[in-house]
Amino acid sequence: MATIEETLVLVKPDGVQRGLTGEVLRRIETKGYSLVDIRLVHADRALLSAHYAEHEGKPFYEGLLEFMQSGPTVAIRVAGHRVIEGFRSLAGTTDPTTAAPGTIRGDLGRDWDAGVLLNIVHGSDSVESAERELGIWFAA
């Protein structure tokens with residue numbers, strides 16, 4: 001029997017503002033993954049500091065927190081066999097300019113020269129990260 005994983009997917013403020021949440025959800029469901037929980041979150045600094053803790057002190061950290069507080073984020077708990085790896089493939093590489101066509105970032109993203117990378121979505125990169133991030137975004 002296959003092991004079912006869960007992962008965190010975020011539709012970041014740029015994706016929400018551009019009306020791409022439905023398209024992201026469509027791609028997740030078309031791939032065959034299950035939507036377990038969805039929340040519209042107005043993330044505050046404390047939540048974002050916990051989520052991006054590994055980046056604290058890096059040059060892009062403050063700009064990233066500012067961007068992520070600039071509008072609502074859609075947090076999605078997604079389940080499926082190898083969903084962590086599968087969603088990251090579906091999302092495409094971090095840089096939307098070089099992300100492959102057919103991926104979320106490749107089809108829907110572009111470099112806006114905004115000082116912070118606006119790449120529409122986030123997906124957990126490991127089982128450990130998924131558990132930690134789901135605990136942050138889906139705390140009771």
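How much accessible surface does the chain have, and what share of this surface belongs to carbon and sulfur atoms? The accessible surface comes to about 7,300 Å², and 52% of this area belongs to carbon and sulfur atoms. The structure is a predicted model.

## Overall build

The chain contains 7 helices and 4 strands. Read from the N terminus, the elements follow the order β-α-α-β-α-α-β-α-α-β-α. The C-alpha atoms fill a box of roughly 45 × 35 × 25 Å along the principal axes. The radius of gyration is 14 Å, which agrees with the value near 14 Å for a compact globule of 140 residues.

Of the 140 residues, 47% count as buried. Among contacts with a separation of 6 or more, 75% are made by residues 24 or more positions apart in the chain. The chain carries 14 positive and 20 negative side chains. The centres of these two sets of charges are 4 Å apart.

## The strands

Strand β1 covers residues 4-11, and strand β3 covers residues 73-81. These two strands pair in the antiparallel sense over 8 bridges. Within this pairing, Glu-6 has Ala-79 as its bridge partner in β3, and Val-11 has Val-74.

Val-11 also has a bridge partner in β4, namely Val-121. Strand β4 spans residues 121-123 and runs antiparallel to β1, with 3 bridges joining the two. Strand β2 likewise runs antiparallel to β3, and 7 bridges join this pair. One of the residues involved is Leu-35, whose bridge partner in β3 is Val-78.

Why is β3 described as largely enclosed by the rest of the structure? The reason is that 8 of the 9 residues of β3 are buried.

Leu-25 is found in helix α2, which covers residues 21-30. Its relative accessibility is 17%, and the limit for a buried residue is under 20%, so Leu-25 counts as buried. Leaving aside residues up to four places away in sequence, Leu-25 touches Leu-35, Ile-38 and Ile-76. Leu-35 also takes part in the bridging between strands, with Val-78 as its partner in β3. Leu-25 and Val-9 are 16 residues apart in sequence, and their C-alpha atoms are 9.8 Å apart in space.

Glu-133 is in helix α7, residues 127-137. Is Glu-133 buried or exposed? Its relative accessible area is 4%, so Glu-133 is buried. Again not counting residues up to four places away in sequence, Glu-133 touches Leu-8, His-51, His-122 and Ser-124. Glu-133 and Gly-106 are 27 residues apart in sequence, and their C-alpha atoms are 24 Å apart.

## An exposed loop residue

His-42 is in the loop between β2, residues 34-41, and α3, residues 45-51. Its relative accessible area is 62%, and exposed means over 50%, so His-42 is exposed. His-42 and Lys-12 are 30 residues apart in sequence, while the distance between their C-alpha atoms is 11 Å.

## Two residues with positive phi

Most residues other than glycine have a negative phi. Which values of phi do Arg-82 and Ile-120 have? Phi of Arg-82 is near 55°, a positive value in a residue other than glycine. Phi of Ile-120 is near 70°, also a positive value in a residue other than glycine.

Both residues are in loops. Arg-82 is placed between β3 and α5, the latter covering residues 83-91. Ile-120 lies between α6, residues 104-108, and β4. With a relative accessibility of 45%, Arg-82 counts as partly exposed. Ile-120 has a relative accessibility of 0%, so this residue counts as buried.

Definitions and conventions: Residues are numbered from 1 along each chain as its sequence is written. This is a predicted model: local features need pLDDT of at least 70, side-chain atom pairs count only at pLDDT 80 or more; totals for chains, interfaces and linings use all residues. Side-chain values use heavy atoms; hydrogens and water are left out. The radius of gyration is taken over C-alpha atoms; the globule rule is 2.2 Å times the number of residues to the power 0.38. Buried means under 20% relative accessible area, exposed over 50%, partly exposed in between (1.4 Å probe, protein chains only). Contact means heavy atoms within 4.5 Å. Accessible areas come from the Shrake-Rupley method with a 1.4 Å probe; for residues, only the protein chains shown count as cover. Lys and Arg count as positive and Asp and Glu as negative; His and the chain ends are not counted. The place of a charge is taken as NZ of Lys, CZ of Arg, CG of Asp or CD of Glu. Two strands pair if DSSP finds at least two bridges between them.
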